[in-house]
Every structure is written in structure tokens, then in C-alpha cells.
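Reader: I am new to this structure. Please take me through how to read its features.

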Amino acid sequence: VINLTDRLKGIALEIFTGETMADIGTDHGFLPIYLLEHEICTKVIMVDISEGSLEKAKINCMEANPNAQFDFRLGNGLEVLEPGEVDAVVIAGMGGLLMVEIMEKEISKTKTYKKFILQPRSAVGELRFWLVHNGFTIESECLVREGKNICEILTVSNVCEKILNFQIMQESPESIRWEVPDWHRGKDDDLTEDYILRKIAREEKILKGKMNSHTAERKSTIENIKYLKEILEG
Ligand SMILES: C[S@@+](CC[C@H](N)C(=O)[O-])C[C@H]1O[C@@H](n2cnc3c(N)ncnc32)[C@H](O)[C@@H]1O
């Protein structure tokens, strides 16, 4: 029986019973194995660009259930899937910019999958920016603790529905408003608080490093801190 980490459990919770899924960059394959074992999915596809990673998944599948039929595909991103072949696509544990690269490669095909669950290791702001500028909707988000880290999980649909406020749409992809969007405001759970406090600490460190710089150079960092404090206070 597979025991998932809180991060992978958080992703599993976004998949509903009866949905089919593909795990892009599956590596160890724990998430799809868990989804099959718990009869949440009847069909899972494990994709990885690395033969070694896919080999790991195969060994873990054999150990979990030697009789089950698992579907392994060696390849780059969504290339090895048919259009609309699964309901949900998971891309987890890689950089946000690599996720963008994978999703934008053949965007009309990407749009044939209804749901994406994305757990980026970096560049979450740039990922959000790309998603909402390319006709995807961030339906929900959650945070999960993983050791010393706090990870974001984004559940995204392929429809363009939510109208975001004008201000955020004007911001550059690197803006703090994409990294910690307004929609985190007023969430008064410990994890969100910890998450925002860490961002404030990072900005304060940057500001310290700019101690001898001109006011103009310090301005954006000061504004970032002010913004993060507003989000924290709700
Ligand atoms: C750090 S592992 C993450 C494993 C798992 N998804 C998780 O979240 O625990 C990243 C995996 O993505 C694979 N990968 C990287 N780029 C890829 C791509 N373009 N297409 C498919 N797999 C890719 C790597 O080979 C590696 O096995």
C-alpha cells in the first residue's frame, strides 16, 4: 500500500472518483499507483521523459500490484497523449517555466484536457500569469507543507471564465501580485500566514542588501513588503 506525502495527498484530493488521469513527469509513480489502489481512477497514464524514471515507476507498480495493467509512456510532456485522452493532467514537482513550456507546445491540444493539477517547484507567479493570459482558469489553490517547504497546488480548468481584477492583468509576470495573488487575502490559516511571512522575510533581506542603494532602487521592495503585509492582514 502506497503512503503518500502530504504534497502528493494534496494533489490526489483534486482528482475526483471516476476521472481518468495522466501524470506527466511521474518519476516514482506513487500518485497514479495510489489513485488506482484507492479506486479513485480506473485509468492512469504514467509519462516521463527519462527512461530511468519510468523504470522506477515500473518497479514500484510491480511491487504494488503485479497483476494490474499500468500504462507507461516514455516521452516529452503531453506529446505521448492523444487529444482529450484523460480528464485530468497532473504536472508536479518541476519548475513552473518547464510546465509552461509543456503546456504551450501544442496549445490547442493542451486545451482538450479539462483539468490540470499543477504543483510547481519555482516560478509560480510566471505560471499563473501564463495560465490566465492563455485562456485557462485557476479554479482553486491550496498550500501544503513538505518538510521545510510550503508548496502551492493549482487546480486549473481549460475554460476562460473568471474575470480577474484589472490591476493584476496589468502587472508583469515577475510581479509580487502574481507570486502571491490577492486571492490569498484574508485566508487566516497557519499555513497561509507562514507562507506570507516567509515572503516578507525574503523581501526584507533583499531590502537590507539594498541599504546603500538609491531610494528609487529600494522602492519596489518596499512596495512588495507593504503589499504582502496587506494580504497578510486581510
Ligand atoms: C522531480 S520529479 C517529480 C516526480 C513527481 N511528479 C512528484 O511530484 O513527486 C520530475 C520528473 O519529471 C520528469 N520530466 C522532466 N521534464 C519532463 C518532460 N518534458 N516530460 C515528461 N517528464 C519530464 C523528470 O524525468 C522527472 O522524473
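Author: A residue is near a molecule or strand if one of its heavy atoms lies within 4 Å of it. This is a predicted model, in which local features need pLDDT of at least 70 and side-chain atom pairs pLDDT 80 or more, while totals for chains, interfaces and linings use all residues. Residues are numbered from 1 along each chain as its sequence is written, and side-chain values use heavy atoms, with hydrogens and water left out.

Reader: How many residues surround the ligand?

Author: The ligand is surrounded by 18 residues, and the closest are Arg-7, Gly-25, Asp-48, Asn-76 and Gly-77. By class, the shell has six nonpolar, nine polar and three charged residues. Here Ala, Val, Leu, Ile, Met, Phe, Trp, Tyr, Cys and Pro count as nonpolar, Asp, Glu, Lys and Arg as charged, and the others, Gly among them, as polar.

Reader: Which element gives the most to the shell around the ligand?

Author: Helices (H or I, at least four residues) and strands (E, at least two) are DSSP runs, numbered from the N terminus. β4 gives the most, with three residues. Both β4 (88-94) and α4 (96-104) supply at least two residues of the shell.

Reader: Which polar side chain lies 2.8 Å from a nitrogen atom of the ligand?

Author: A polar contact is a pair of N or O atoms within 3.5 Å; within protein, one must be able to donate a hydrogen and the other to accept it, and residues adjacent in sequence count only if both atoms are side-chain atoms. Asn-76 has a polar side-chain atom 2.8 Å from a ligand nitrogen. For Ser-53, a polar side-chain atom lies 2.9 Å from an oxygen atom of the ligand. An N or O atom in the side chain of His-28 is also 2.9 Å from a ligand oxygen.

Reader: How many salt bridges does a search of the whole structure find?

Author: Side chains of opposite charge can pair when their charged atoms come close. A salt bridge is a side-chain nitrogen of Lys or Arg within 4 Å of a carboxyl oxygen of Asp or Glu. The search finds 20 of them. One joins the side chains of Asp-27 and Lys-56 (2.9 Å, N to O). Asp-27 lies in the loop between β1 (21-24) and α2 (30-37) and Lys-56 in helix α3 (residues 51-64), so the pair ties together parts 29 residues apart in sequence.
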